[in-house]
Every structure is written in structure tokens, then in C-alpha cells.
Amino acid sequence: MDGALEELDVAMKQLRKAVHGIPYRAGGFKNTHHKLALDMAMLTVLIDSARPRFPRR
């Protein structure tokens, strides 16, 4: 679980760096970015909340 959350965090940081400088209002990008960020936040919370259900290795 910890590895998945860390990889997700790294991926979101890479995305933030990759989109730096792109005009947010160009072609509906702001809305798409906003939805993605909310979905990733929800996924992170769900994975973290489910952690006790998975056996430790």
C-alpha cells in the first residue's frame, strides 16, 4: 500500500511540473485538470482508508 501511495504522489508531482506554464484556460484544460486532481485525491483517501483490510507483507 505504501508503495502505491508513494508512486501516486510522485506521479502527481511530475504532472504538476509537466503542466507548469500551460495556460489553464486553454481548450478546457482547467476543468480537466481540476477533475483529475479531485479524482486522484479521492483515490488516495480510498487507498489509505482501505489499508487495514490488506495483509502486511
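Student: How much accessible surface does the protein have, and what share of it belongs to carbon and sulfur atoms?
Tutor: The accessible surface of the protein comes to about 5100 Å², and 59% of that belongs to carbon and sulfur atoms. Please keep in mind that this is a predicted model.

Student: OK, and what percentage of the residues count as buried?
Tutor: Of the 57 residues of the protein, 5% count as buried. L8 is a buried residue, with a relative accessible area of 15%, which means that it falls under the 20% cut-off for that class.

Student: Where is L8, and what does it touch beyond its sequence neighbours?
Tutor: L8 has its place in helix 1, and once its neighbours within four places in sequence are left aside, L8 is in contact with M40, L43 and T44. For M40, the C-alpha atoms of the pair are separated by 8.2 Å, although L8 and M40 are 32 residues apart along the chain.

Student: Switching to charges, how many salt bridges does a search of the whole structure find?
Tutor: The search finds two salt bridges. D9 takes part in one of them, with K13 as its partner, and the closest N and O atoms of that pair are 3.3 Å apart.

Student: Why can D9 and K13 be placed like that along the helix?
Tutor: D9 and K13 are four residues apart in helix 1, which covers residues 2–18, so about one helical turn separates them. K13 counts as partly exposed at 43% relative accessibility, and D9 is likewise partly exposed, at 39%.

Student: And which residues form a salt bridge with N and O atoms 2.5 Å apart?
Tutor: That salt bridge is between R51 and D48, whose closest N and O atoms are 2.5 Å apart. R51 is partly exposed, with a relative accessible area of 25%, and D48 is partly exposed as well, its relative accessible area being 41%.

Student: How far apart are the mean positions of the positive and negative charges overall?
Tutor: For the 10 positive and 6 negative charges of the protein, the two mean positions are 6 Å apart.

Student: Let's zoom out: how many helices and strands are there?
Tutor: The protein has two helices and zero strands. Its radius of gyration is 14 Å, well over the 10 Å that the globule rule gives for 57 residues, so the protein is more spread out than a compact globule. Along the principal axes, the C-alpha trace spans about 45 × 15 × 10 Å.

Student: Which residues does helix 2 cover, if I start from A41?
Tutor: A41 is found in helix 2, which covers residues 29–50, and A41 is partly exposed, with a relative accessible area of 40%. A41 and A4 are 37 residues apart in sequence, and their C-alpha atoms are 13 Å apart in space.

Student: Is T32 buried or exposed, and how far is T32 from P52?
Tutor: T32, which lies in helix 2, is exposed, with a relative accessible area of 52%, a value just past the cut-off of over 50% for that class. T32 and P52 are 20 residues apart in sequence, while the C-alpha to C-alpha separation in space is 32 Å.

Technical notes. Residues numbered from 1 in each chain as written. Predicted model: local features only at pLDDT ≥ 70, side-chain atom pairs only at ≥ 80, totals over all residues. Heavy atoms only, no water. Salt bridge = Lys/Arg side-chain N within 4 Å of Asp/Glu carboxyl O. Buried < 20%, exposed > 50% of the residue type's maximum accessible area, 1.4 Å probe, protein only. Rg over C-alpha atoms; globule rule 2.2 N^0.38 Å. Areas by Shrake-Rupley, 256 points an atom, 1.4 Å probe, with all protein chains shown as cover. Lys, Arg positive; Asp, Glu negative; His and termini not counted. Charge placed at Lys NZ, Arg CZ, Asp CG, Glu CD. Contact = heavy atoms within 4.5 Å.
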